[in-house]
Amino acid sequence: MTSEQLVAWHLDRIAAIDAAGPALASIIDINPDALVIARALDEEWQESGPRGPLHGIPVVLKANIGTADRMPTTAGSLALLHHRPERDAFLVRRLRDAGVVILAKANLSEWANFRSNQSTSGWSSIGGQTKNPYLEGRNPCGSSSGSAVAVAANLTVVAVGTETDGSVVCPSAINGIVGIKPTLGLVSRSGIIPLAHSQDTAGPMARTVRDAAILLGAMTGVDPNDPAMSKLPVTVGNYTANLTAAGLDGKRIGAVRSYYGAGQRPAVDALFDQSIATLRAQGAEVIDDIQIDTSGMHDAEYEVLLYEFKADLNAYLEASNAPLKSLTEIIEFNDANADAVMPHFGQDIMIAADSKGPLSEPEYQEALADSKRIAQSGIDRALDEHDLDALIAPTNGPAWLTDHINGDSFSVGSSSYAAVAGYPSITVPAGFVSGLPIGLSFIGAANTEKALIEIGYAFEQATRARRSPEF
Amino acid sequence: MTSALLASPYIKVIPSILSASTAGYARRARQYRRSLLLIAFVLLGACGGEAPDFTDVEITELHDRM
């Protein structure tokens, strides 16, 4: 078997079920050089052996991750249709060095879902609507919709998504795969179209915990151009060394019951209870009914995101070779091309962000301090008080019907604790409700990825909950 | 092989793209280019014989097969 065969098989599948057939629309651009790259990596393997565990493995990237190749970097927006950065994002350089084949770019919720409060996840003006492979009228969540669907439907081996709040873990869970949202600063953000630097991170998405851990190991690396990295200890390493089915034995896990939608979906609650029983059966001690008070956090978080989106996007556009140089110009482009860009929802969030001042304003500084304090102290207190290794909560509810008139209908979620805190979380398939995948999130303190991955792996081995979508 | 290719779903992509009406010329041109690329890849792949099935195969197992 060769990497070229592997790449060809995935391209064939993309043609059959993504561009045609059920038309999942998870892929926004194919890398025209993928087969050539794979062939060169095959020759290198023959001559000098593999570079590492990802040599010759196809990877799909979310379309807001910069690549200096023949694929544009668009965030799904027609405003950036021809944007080709001059340099790879730092994490892309790491992956190329590891020997991956960048197979394609994935569709996403346009601008990482920071355009309108009436948006529909998985829709972009370039890529159209990505579908949930388990039931095509259902939504794939977002904003890393295409990355998740491409992995779930075997259109790639692994993918990279990005998250500001839920954009890796929600689509991963709702499409029945594993997603890791790392500690803020573990993975470089350089070269990624930004949303908000105090919460943005890229994360691996895969069908198994081991594959996600392998990809995370290749993505990490110290980037001197990302200020968040200097605040962390060097945690680059091998995340697969201690994966064992006995990884839950003796662990102390806190079951959070204050997640969004708790008690509103009996089938999700029942699956959560079943997951707790599995953890206990595997030797973990589960402390149930952890309450985390997040009063005021979401309002503060939203204020932070509005401020940072304007500042960060303007800085990115100004420094890049993008054709438009500011959020104001993006908004004007959208207005001038409203038929193509805004057939389903507007750009009210972008307009609100553009009205904000500089990051020196006290309103921003206070909101940032408040959001971080509430989220971090909430997690830290729960972990410390009960001497816990991790917290758990359902990642999602069953996928809602895609509805371009009313927009998204989230029912269950738990992403904000880790997202706002800048702490790690990993979602692992836990089971199904009405044939739709539900994930279990494992959340920990900063820089505890390795422990969370070991716990998630043991849960995965005990449950084997993932089932492939059928085509 | 030709008849099999003509009956395949890839060929059907082109008319559906040409008839797309909501998204604007630039997006349709982009989708058209992607479909041509995929057709070219599929034609290349068809010359390479039967490929193994890689559904749900983990990275370590893929490397074991390489």
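Strand 6 (residues 158-163) and strand 8 (residues 201-206) of chain A pair in the antiparallel sense, over six bridges. Glu163(A) has Thr201(A), in strand 8 of chain A, as its bridge partner. The model is predicted.

Both strands belong to an open sheet of eleven strands in chain A. The pairing is mixed, and the order runs 1-3-2-6-8-7-12-13-11-9-10. Strand 1 (27-30) and strand 10 (285-290) of chain A are the edges, each pairing on one side only. On average, neighbouring strands are turned by 30° against each other, direction ignored.

| Helix (chain A) | Strands touched (chain A) | Angle between directions |
|---|---|---|
| Helix 1 (residues 3-18) | strand 1, strand 2 (58-62), strand 3 (101-106) | about 15° with strand 3 |
| Helix 5 (residues 145-152) | strand 1, strand 2, strand 3, strand 6, strand 8 | about 155° with strand 6 |

Next comes the core. Nonpolar side chains tend to be buried together in soluble globular proteins. Here the largest nonpolar core has 153 residues. Val59(A), Val101(A), Ala106(A), Met205(A), Ile379(A) and Leu391(A) have the most contacts inside this core. Helix 9 (residues 297-319) of chain A gives the largest share, ten residues.

Ala106(A) is one of those with the most contacts inside the core. Leaving aside residues up to four places away in sequence, Ala106(A) touches Ser26(A), Ile27(A) and Ile28(A), among others. Further contacts of Ala106(A) include Val60(A), Leu61(A), Lys62(A) and Ala63(A). Gly146(A), Ser147(A), Ala150(A) and Ala159(A) also touch Ala106(A).

Key:
Residues are numbered from 1 along each chain as its sequence is written. Chains are lettered from A and ligands numbered from 1 in the order in which they are written. This is a predicted model: local features need pLDDT of at least 70, side-chain atom pairs count only at pLDDT 80 or more; totals for chains, interfaces and linings use all residues. A nonpolar core is a set of buried Ala, Val, Leu, Ile, Met, Phe, Trp, Tyr and Cys residues joined through C-beta atoms within 7 Å. A residue is buried if 20 or more other C-beta atoms lie within 10 Å of its own, exposed if 12 or fewer, and partly exposed in between; C-beta atoms are placed from the backbone. Helices (H or I, at least four residues) and strands (E, at least two) are DSSP runs, numbered from the N terminus. Two residues are in contact if their C-beta atoms, placed from the backbone, lie within 7 Å. Two strands pair if DSSP finds at least two bridges between them. Axes are lines fitted to C-alpha atoms, for helices over the stretch in contact, and angles run from 0 to 180 degrees between N-to-C directions.
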